[in-house]
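Please look through the sequence and the model before reading on.

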Amino acid sequence: MLIHRHCERMNLLLHSKDFMKKFLFLSLFSAMIFSACSQQQQSASTSATAPSPQPSPVATSTTPTVPTTQNQIDIQNFAFSPSTLTVKPGSTVKVINHDTIQHNVAAVDGSFRVNLLGKEESATFIAPTKPGSYPFVCEPHRQTMQGTLVVQ
Ligand SMILES: [Cu+2]
């Protein structure tokens with residue numbers, strides 16, 4: 001009776017060892033797949049014609065590189081996004097135009113300005129070092145395209 005119980009325990013232990021082996025193998029295997037996936041994504045992003053691959057949930061949850069939206073003004077459909085951007089004094093601000101029409105960003109008081117940008121072109125400017133509220137426009141569309149840079 002006692003020996004039998006002992007055997008049962010041994011059996012259980014053996015099974016769990018087997019399970020650990022399988023688990024280790026699976027995690028190794030999935031790591032290999034993941035690295036292959038990220039390589040594929042890298043090559044896909046370099047070729048413009050390739051359709052963007054659907055990233056697996058595993059890939060998205062473990063990819064740490066999330067592009068920061070701080071200090072950035074996006075231009076789309078004749079509008080600034082955000083229309084009011086708050087930055088620290090003297091920080092670098094990136095401007096990206098997503099329209100086919102050329103746009104730019106120019107402070108009304110002339111304290112900062114970027115040249116006209118074509119579609120998907122970007123440029124940076126340095127925010128003023130003096131805290132304050134700086135209205136800016138897109139020079140070709142200054143009547144409709146207006147924004148504010150808040151330095152604080
Ligand atoms: Cu414009």
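## Contacts and the nonpolar core

Two residues are in contact if their C-beta atoms, placed from the backbone, lie within 7 Å. In this predicted model, and leaving aside residues up to four places away in sequence, valine 95 touches Ile73, Ile75, Val105, Val114, Leu117, Ser122 and Ala123.

Valine 95 also belongs to the largest nonpolar core, which has 14 residues; those with the most contacts inside this core are Val95 itself together with Ile73, Ile75, Val105, Val114, Phe136 and Leu149. The elements that give two or more residues to this core are β1, covering 72-76, and β7, covering 132-137.

## Proline 89 in its loop

Proline 89 is found in the loop that lies between β3 (84-87) and β4 (92-97). Because proline 89 has 13 C-beta neighbours inside 10 Å, this residue counts as partly exposed.

Not counting residues up to four places away in sequence, proline 89 touches Ala127, Pro128, Thr129, Lys130, Pro131 and Val151.

## Confidence along the chain

The mean pLDDT of the chain is 74, and 55% of its residues reach 70 or more. Over residues 56-69 the pLDDT is below 50, and this stretch has six contacts in the model beyond near neighbours in sequence. Residues 19-50 likewise have a pLDDT that stays under 50, and for them the model has 11 contacts beyond four places in sequence. Where pLDDT is low, the predicted coordinates should not be read in detail.

Methods
Residues numbered from 1 in each chain as written. Predicted model: local features only at pLDDT ≥ 70, side-chain atom pairs only at ≥ 80, totals over all residues. Core = buried A, V, L, I, M, F, W, Y, C linked by C-beta atoms within 7 Å. Buried ≥ 20, exposed ≤ 12 C-beta atoms within 10 Å, placed from the backbone. Helix = DSSP H or I, 4+ residues; strand = E, 2+ residues; numbered from the N terminus. pLDDT = per-residue confidence, 0-100.
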